[in-house]
Amino acid sequence: MTFIWLCSYPKSGNTWLRALLTSYLNDHRESQDSDRQLIGPSSHLTCHLFDETMGLNSSELTPQELDQYRYVFHKHFVQRFRGTTFTKVHESYLSRYSGHPMFPQDANCKAIYLIRNPLDIVPSYAHHDNSTLNEVIKHTKDSMAVVRHG
């Protein structure tokens, strides 16, 4: 089993990379089908999956309490898969509160970290989030910021 986290700041090309990997790993057979299923889920961290996996009601937890469970959740999540698996993630590697890693440090877990010029991210993120450029710039400069709506 090889589990590969596709890590990036939002609007940095994660979906584009998933489309490229889908085409490459499918030997270009489906490259013309824009509705094809992209490799790896677009998001792994949903309230329903987190609550089910952890046996908790996440809506009753503070951000600090949720943070304490994320590493355990990620460890369980990775173990669900066989073969080579890719998963998109916009989360920080280190906890905002404790500074501890949020992802398993298993030999079978790898990461690809996409980096995009912030001058390209800001207008894309602003358009996506229906925000102004200044709002997005302020958000990206905030070290405690989280992805909106997630």
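Residues are numbered from 1 along each chain as its sequence is written, and side-chain values use heavy atoms, with hydrogens and water left out. In this predicted model, local features need pLDDT of at least 70 and side-chain atom pairs count only at pLDDT 80 or more, whereas totals for chains, interfaces and linings use all residues.

Helix H3 spans residues 63–78, where helices (H or I, at least four residues) and strands (E, at least two) are DSSP runs numbered from the N terminus. With 16 residues, H3 reaches 22 Å from its first C-alpha to its last, close to the 22 Å expected at 1.5 Å a residue, the expected span being 1.5 Å times one less than the number of residues. H3 bends by about 35° at tyrosine 69, the bend being the angle between axes fitted to the seven residues ending there and the seven starting there. Within H3, Asp67, Phe73, His74, Phe77 and Val78 are buried; buried means under 20% relative accessible area, exposed over 50%, and partly exposed in between, computed with a 1.4 Å probe on protein chains only. The buried residues of H3 pack against strand E1 (2–7), helix H2 (47–54), strand E2 (84–89) and strand E3 (109–113).

On the side of helix H2, phenylalanine 50 is buried, with a relative accessible area of 4%. Apart from neighbours within four places in sequence, phenylalanine 50 is in contact with Leu45, Gly55, Ser58, Leu66, Tyr69 and Phe73, contact meaning heavy atoms within 4.5 Å. Phenylalanine 50 and histidine 76, which are 26 residues apart in sequence, have C-alpha atoms 9.9 Å apart in space.

The structure holds 9 aromatic pairs, for which rings of Phe, Tyr and Trp (its six-membered ring) must have centres within 6.5 Å; planes under 30 degrees apart count as stacked, over 60 as edge-to-face and the rest as tilted. The rings of tryptophan 5 and phenylalanine 103 have centres 4.7 Å apart and planes at 65°, so this pair is edge-to-face. Tryptophan 5 lies in strand E1 and phenylalanine 103 in the loop between E2 and E3, so that the pair links parts of the chain 98 residues apart. Both tryptophan 5 and phenylalanine 103 are buried. For phenylalanine 50 and phenylalanine 73, the ring centres are 5.3 Å apart and the planes are at 45°, so the pair is tilted; the two residues, in helices H2 and H3 respectively, are 23 residues apart. Phe3, Trp5, Phe50, Phe73, Phe77, Phe81 and Phe103 form one aromatic cluster.

The count of salt bridges comes to 1, a salt bridge being a side-chain nitrogen of Lys or Arg within 4 Å of a carboxyl oxygen of Asp or Glu. Glutamate 91 forms a salt bridge with arginine 70, the closest N and O atoms being 3.2 Å apart. This pair links distant parts of the chain, with glutamate 91 in the loop between E2 and E3 and arginine 70 in helix H3, 21 residues apart. Glutamate 91 is partly exposed at 21% relative accessibility, and arginine 70 is likewise partly exposed, at 26%.

The structure holds 0 disulfides, a disulfide being a pair of cysteine sulfur atoms within 2.5 Å. For cysteine 7, the nearest cysteine sulfur is that of cysteine 109, 11 Å away. Cysteine 7 is buried, with a relative accessible area of 14%, whereas cysteine 47 is exposed, at 56%.
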